[in-house]
Amino acid sequence: MRAELFITCFNDTLFPDTGRAVVEVLERQGVTVGFPFEQTCCGQMHYNTGYQSEALPLIRRFVDVFGDAEAVVSASASCAGMVRDIYPMAAEQAGDEGLARAVAALAPRVHEFSQYLVEVLGVDDVGAYFPHRVTYHPTCHSLRMLHVGDAPLRLLQNVAGIELVELERADECCGFGGTFAIKNADTSAAILSDKTRNILNTRSEVCAALDTSCLMHIGGALRRGRAGVRTMHLAEILAHTQDGG
Amino acid sequence: MRVRVPTPTFQRSARDALADTQLRTNLARATHTIRTKRAAAVAELDDWEELREAGRAIKARTLRHLDRYLLQLEESVTRAGGIVHWAPDAGAANRIVAEVAQAHGVDEVVKVKSITTDEIGLNTALTRAGIEATETDLAELIIQLAGESSSHILVPAVHKNRAEIKELFRAKLGATGLSDEPADIAEAARVHLRAKFLSARMAVSGANFAVAETGSVLVVESEGNGRMCLTLPEVLVTVMGIEKVLPVWADLEVFLQLLPRSSTGERMNPYTSVWTGVHEGDGPKEFHLVLLDNGRTRALADPVGRDALQCIRCSACLNICPVYERTGGHAYNSVYPGPIGAIITPQLEDSKSADTLPYASSLCGACYEVCPVKIDIPKILIHLRGKAVAKKQDQGWRAKADPEVLGMKALASVFSDRSRYERVQKLARAGQWPLVRRGAISRLPGPLSAWTTVRDAPAVPEQTFREWWRANR
Amino acid sequence: MSGRDAVLARIRSALSDVPPSETPEDVEVARTYRRRTNWTREELVERLAQRLVEYKASVRRALAGEVAATVADACARRAVRRLVVPEVLESSWIPPGLEILRDQGLTSEELDASDGVLTGCRLAIAETGTIVLDGGADQGRRALSLVPDYHLCVVPVDRIVGTIPEAIEALESDGQAGLRAVTFISGPSATSDIEFRRVEGVHGPRTLDVVLST
């Protein structure tokens with residue numbers, strides 16, 4: 001099996017460890033991982049903020065870069081959702097039939113990381129070892145757009161040594177929302193304060209999720225408050241093994 | 001000289017609302033209560049998804065052939081003895097209502113809650129014409145006494161708790177010795193309004209639905225004030241948005257299931273009234289139906305935005321929204337707040353403030369999940385953001401200097417070329433050193449400072465992912 | 001240009017993306033939701049009774065010949081002496097010993113001064129605990145079941161249907177949909193306006209008693 005890694009612009013720049021972890025977990029499952037260097041950004045931030053005409057070239061670029069891939073694994077749920085759900089709409093809005101066709105052919109081959117493991121590889125135990133108290137926050141795009149279901153939780157439950165604690169009001173948004181966190185910073189912070197309160201109530205050491213963008217927002221507040229809680233992408237937990245991976 | 005104060009942006013209004021701890025507490029309690037009820041009511045039905053799909057499809061069919069159904073409605077209502085008026089805008093609608101009142105020598109009307117009449121500012125217009133409008137819905141009465149505007153499309157006074165309401169009744173109605181038990185408050189409202197109901201000669205209502213096939217109009221309510229207004233006075237005027245029409249009687253079987261469970265989380269609301277034109281010996285002798293446009297055709301003209309007109313005003317989206325839960329309805333500066341407000345208000349009205357509403361969302365998608373007619377609210381929000389940006393960019397030189405526009409264009413340019421992108425990654429890492437303390441940034445400059453007011457930001461690590469890949473693979 | 005012309009012109013212009021050849025039926029509506037149940041008569045009665053009790057209405061059962069006695073008992077318990085009845089109500093339902101106000105044009109004040117009203121119904125919906133009045137002979141005009149503070153409603157059990165779709169269908173089955181004013185009543189009056197909690201007793205009859213008659 002071969003998969004091209006869609007690292008996403010912010011993981012590439014700010015959270016390379018997440019990318020490394022994704023690669024490691026996939027390779028442990030026998031997947032050959034490729035990395036097309038021409039990839040930059042899927043255009044989600046531009047598109048969702050209303051800069052759809054600026055996003056269109058980025059959409060075309062993505063389709064060009066990944067068009068021939070057997071499978072594409074994304075290190076971010078929201079970016080996977082962008083490609084699968086929004087790209088078709090964007091191509092239709094642009095009235096570009098060629099793009100629409102290319103998107104229709106590519107989108108089904110683009111997978112969020114946990115969905116790739118559980119739904120495509122059929123694996124929910126990757127032999128990980130992580131003896132820490134962890135709570136899981138289901139990010140909105142993974143929950144409502146990609147419908148990842150219980151895939152992430154199954155993967156976490158099978159991690160040896162883990163103490164998994166349920167998060168109260170888990171399915172409520174963390175308040176990130178991309179540029180919303182800047183453009184409506186006060187409201188974003190208000191929503192975040194309840195999410196961090198619920199995380200702290202679990203007395204966990206780690207908060208895990210499928211999106212480092214949301215984790216950057218949650219983690220940023222936890223760090224500011226010196227709460228002693230860190231955030232990790234699911235892949236980073238799964239990459240840990242008994243041999244100190 | 002009258003100085004026109006522009007309506008504030010959502011960001012500005014939200015900031016003030018968020019600081020109101022009583023409001024935050026009231027809203028959290030109310031929204032959490034109703035979410036649980038709604039979820040339980042919906043879970044009872046195995047065919048909920050089928051109902052939602054039927055609701056969506058019926059509304060889609062109706063909107064695509066709206067002129068035909070409105071003409072059919074006009075014909076049916078007229079045949080049944082009603083009088084139909086068409087109001088292109090708020091002013092026309094208000095004039096029609098005032099003229100009916102004046103024709104009957106009426107200087108006081110009783111009103112059933114109708115956000116549509118709030119939208120057109122009917123009460124103010126009637127007052128100017130020397131006609132007093134008495135709100136009979138408990139929530140509308142509360143906000144009328146408080147001199148406020150509605151903050152929720154279903155329960156307009158949700159921003160007030162029982163203690164505040166009790167105090168208001170004591171101060172404005174002279175209701176002394178009142179406890180803050182909701183039952184006591186409801187009793188005070190009953191006593192206050194009873195005499196008005198029994199003597200009123202004209203009522204004004206809205207409508208939840210109107211059936212084109214038969215000319216039947218429906219009001220879905222809880223308290224009985226609707227039944228009072230619709231039955232006892234001689235003259236009834238109903239103001240209804242043109243999007244509320246349904247094709248056939250049978251369609252009611254879908255919407256009478258979708259609405260109560262989605263709105264108050266009940267199997268059925270206490271009272272639903274259905275009438276057609278004038279019924280001899282039963283109810284008003286004269287019935288007027290005012291079909292209101294007031295910007296709805298603007299929404300209709302946008303094939304994506306048009307879906308917002310499918311709304312049946314259940315408020316499930318308001319109740320589930322993480323933004324509405326914390327800012328409340330007044331922050332939207334519109335009678336239509338919350339997720340539906342964020343997509344309908346900027347289409348009904350063309351204003352700078354309304355254009356900030358599509359951004360009042362984290363795009364979490366919870367609203368879409370609960371919408372009984374499957375309006376893809378996140379999709380329409382993004383679409384309207386696009387329209388707002390296009391409008392901004394159309395404003396010539398000012399747009400070219402707008403920091404956000406400049407920043408977004410620059411970033412798009414960076415992402416369009418690999419070597420440029422990689423260079424900017426290195427630049428960001430190189431240039432961040434004045435801001436980084438112990439691996440994180442606690443103060444970002446310019447517009448990005450909004451991030452660091454409440455959060456730390458990560459520092460750019462020593463090696464990007466692609467640099468690591470190049471070096472190690 | 002009249003308001004009517006203006007609005008219609010705007011609508012037609014707004015819908016210019018809809019192909020002129022498209023008919024409403026071309027927009028498919030899948031009616032795959034549940035339209036009826038297979039509940040037995042007894043299950044229908046049970047469910048209706050249960051829902052009514054949840055709405056804080058009280059429920060009694062009576063055999064056909066016992067209705068008047070049950071009405072008498074209900075009125076006694078509620079201290080109801082002056083009872084409004086529709087002009088053409090089934091007289092076998094009316095017990096002796098009450099002051100009966102037959103509606104031959106009662107004013108609102110007279111209705112308000114009464115202690116309660118007795119009506120039949122068009123049908124009842126078990127799933128939602130709803131009683132449907134349509135102004136038929138045993139129900140009278142709408143004001144009768146609205147103004148008095150107490151509504152005593154006789155529901156013959158063969159008029160109970162399971163679901164809302166069944167009720168909506170029944171209401172148009174005699175070609176009468178739109179010719180009569182219809183009121184759906186699900187419990188006594190209530191409001192959810194205060195903190196979203198349902199509170200009984202606002203403007204309509206605050207007490208609803210139901211007699212299920214076989």
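Trainee: How far apart do the C-alpha centres of domain 1 of chain B and domain 2 of chain B lie?

Mentor: This is a predicted model, in which local features need pLDDT of at least 70 and side-chain atom pairs count only at pLDDT 80 or more, while totals for chains, interfaces and linings use all residues. Residues are numbered from 1 along each chain as its sequence is written, chains are lettered from A and ligands numbered from 1 in the order in which they are written, and side-chain values use heavy atoms, with hydrogens and water left out. Chain B is divided into domain 1 (45-294) and domain 2 (421-472), with bounds that come from an automatic or database domain assignment. Between the C-alpha centres of these two domains of chain B the distance is 56 Å.

Trainee: How many residues of chain B are in the contact with chain C?

Mentor: Contact here means heavy atoms within 4.5 Å. Chain C brings 76 residues to the contact, and the number from chain B is 98.

Trainee: What area is buried between chain B and chain C?

Mentor: The size of an interface is often given as the accessible area lost when the parts come together. Buried area is that loss for two parts, taken with a 1.4 Å probe and summed over both. Carbon and sulfur atoms give 57% of the area between chain B and chain C, which is about 7600 Å².

Trainee: How many salt bridges are counted between chain B and chain A?

Mentor: In this interface, 67 residues of chain B are in contact with 62 residues of chain A. One salt bridge joins the side chains of A:Asp12 and B:Arg466 (2.7 Å, N to O). The count between chain B and chain A is 12.

Trainee: Which residues of chain B lose the most area to chain A?

Mentor: Chain B and chain A bury about 5700 Å² between them, with 60% of it on carbon and sulfur atoms. Three residues together make up 13% of what the chain B side buries: B:Met408, B:Phe415 and B:Phe465.

Trainee: How many salt bridges are counted between domain 1 of chain A and domain 2 of chain A?

Mentor: Chain A is divided into domain 1 (2-120) and domain 2 (133-238), and their C-alpha centres lie 22 Å apart. The contact takes 28 residues from domain 1 of chain A and 23 residues from domain 2 of chain A. The area buried between these domains of chain A is about 1900 Å². The salt-bridge count between them is zero.

Trainee: Is A:Thr8 buried or exposed?

Mentor: Among the residues that A:Thr8 touches, not counting those up to four places away in sequence, are A:Gln39, A:Ser74 and A:Cys79. The relative accessibility of A:Thr8 is 1%. Buried means under 20% relative accessible area, exposed over 50% and partly exposed in between (1.4 Å probe, protein chains only). A:Thr8 therefore counts as buried.

How values were computed:
Salt bridge = Lys/Arg side-chain N within 4 Å of Asp/Glu carboxyl O.
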